[in-house]
Amino acid sequence: MARHRPSLLLLEDDDVLRRLLHEQLEPHFEVREAATCDHARVVMEAHPCALGVLDYQLPDGDGLSLLPELRSRQPGFRAVLFSGGEPPLPASGKLPPGLVASLKKPTDTLRLVALLRRLANEPPD
């Protein structure tokens, strides 16, 4: 019997990085890819995901601004923000609902996989 793999939205506009991340995540997750916010909406409509890796800066928006909409489509959705720079997180230091971490590119993909696997085993908020 095949083991259940949690669904994960991988939102990254860099094709090479998206492929690399997909390869690292695929053994542990059912990975659904998107390169834009609009495509992420389509993916989530067709294949609701429990977890996500969201690039901050995208051609049609940013992953942080998209997060509330993704959570409204999939209650309990949780994500890691992945950014080449410093995303504008609240000055309070408190992460918005559903955002569990913000990692700066490049990052250790093993650390990212470990974080996501831990999240997959925790109940959604």
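Predicted model: local features only at pLDDT ≥ 70, side-chain atom pairs only at ≥ 80, totals over all residues.
Biologist: Good to know. How many bridges join E3 to E6, and which way do the strands run?

Modeller: Five bridges join E3 to E6, and the two run parallel.

Biologist: What does the sheet look like, and what's the strand order?

Modeller: It's an open sheet of five strands, in the order E2-E1-E3-E6-E7, with parallel pairing. Strand E2 (30-34) and strand E7 (99-104) are the edge strands, each pairing on one side only. On average, neighbouring strands are turned by 15° against each other, with direction ignored.

Biologist: And E3, is that buried or exposed?

Modeller: Strand E3, residues 51-55, is mostly covered, with five of its five residues buried. Leu51, Val53 and Asp55 point one way from E3, while Gly52 and Leu54 point the other way.

Biologist: Why do they alternate like that?

Modeller: In a regular strand, side chains alternate between the two faces of the sheet.

Biologist: Who does Val53 in E3 partner with?

Modeller: The bridge partner of Val53 is Leu10. Strand E1, residues 7-11, pairs with E3 in the parallel sense over four bridges.

Biologist: What about E6 and E7, how do they pair?

Modeller: Strand E6, residues 78-83, pairs with E7 in the parallel sense over five bridges. There, Phe82 stands opposite Leu103 in E7.

Biologist: Switching to helices. Which residues of H3 are buried?

Modeller: In H3, residues 63-73, you'll find Gly63, Leu64, Leu66, Leu67 and Leu70 buried. Seen down the axis of H3, these buried residues fall within an arc of 135°, so they line one face of the helix.

Biologist: So what's on the other side of H3?

Modeller: Ser65, Pro68 and Ser72 are there, and they are exposed.

Biologist: What happens at the start of H3?

Modeller: A side-chain oxygen of Asp62 reaches to within 3.1 Å of the backbone nitrogen of Leu64.

Biologist: New topic: how many disulfides are there?

Modeller: A search of the whole structure finds zero. Cys37 is in no disulfide, and the nearest cysteine sulfur, in Cys49, is 15 Å away. That is too far for a bond.

Biologist: Are those cysteines buried or exposed?

Modeller: Cys37 counts as buried, at 3% relative accessibility. Cys49 is buried as well, with a relative accessible area of 0%.

Biologist: And how many salt bridges does the model have?

Modeller: The count comes to 11 salt bridges. One of them links Asp15 with Arg18, with the closest N and O atoms 2.8 Å apart. Both residues lie in helix H1, residues 15-25, three residues apart, about one turn of the helix.

Biologist: Which salt bridge links distant parts of the chain?

Modeller: Glu69 forms a salt bridge with Arg41, the closest N and O atoms being 2.8 Å apart. Glu69 sits in helix H3 and Arg41 in helix H2 (residues 37-46), 28 residues apart.

Key
Residues numbered from 1 in each chain as written. Heavy atoms only, no water. Buried < 20%, exposed > 50% of the residue type's maximum accessible area, 1.4 Å probe, protein only. Arc of directions from axis to C-beta. Polar contact = N/O pair within 3.5 Å; in protein donor to acceptor, adjacent residues only side chain to side chain. Disulfide = S-S within 2.5 Å. Pairing = 2+ DSSP bridges. Axes fitted to C-alpha atoms, helices over the stretch in contact; angles between N-to-C directions. Salt bridge = Lys/Arg side-chain N within 4 Å of Asp/Glu carboxyl O.
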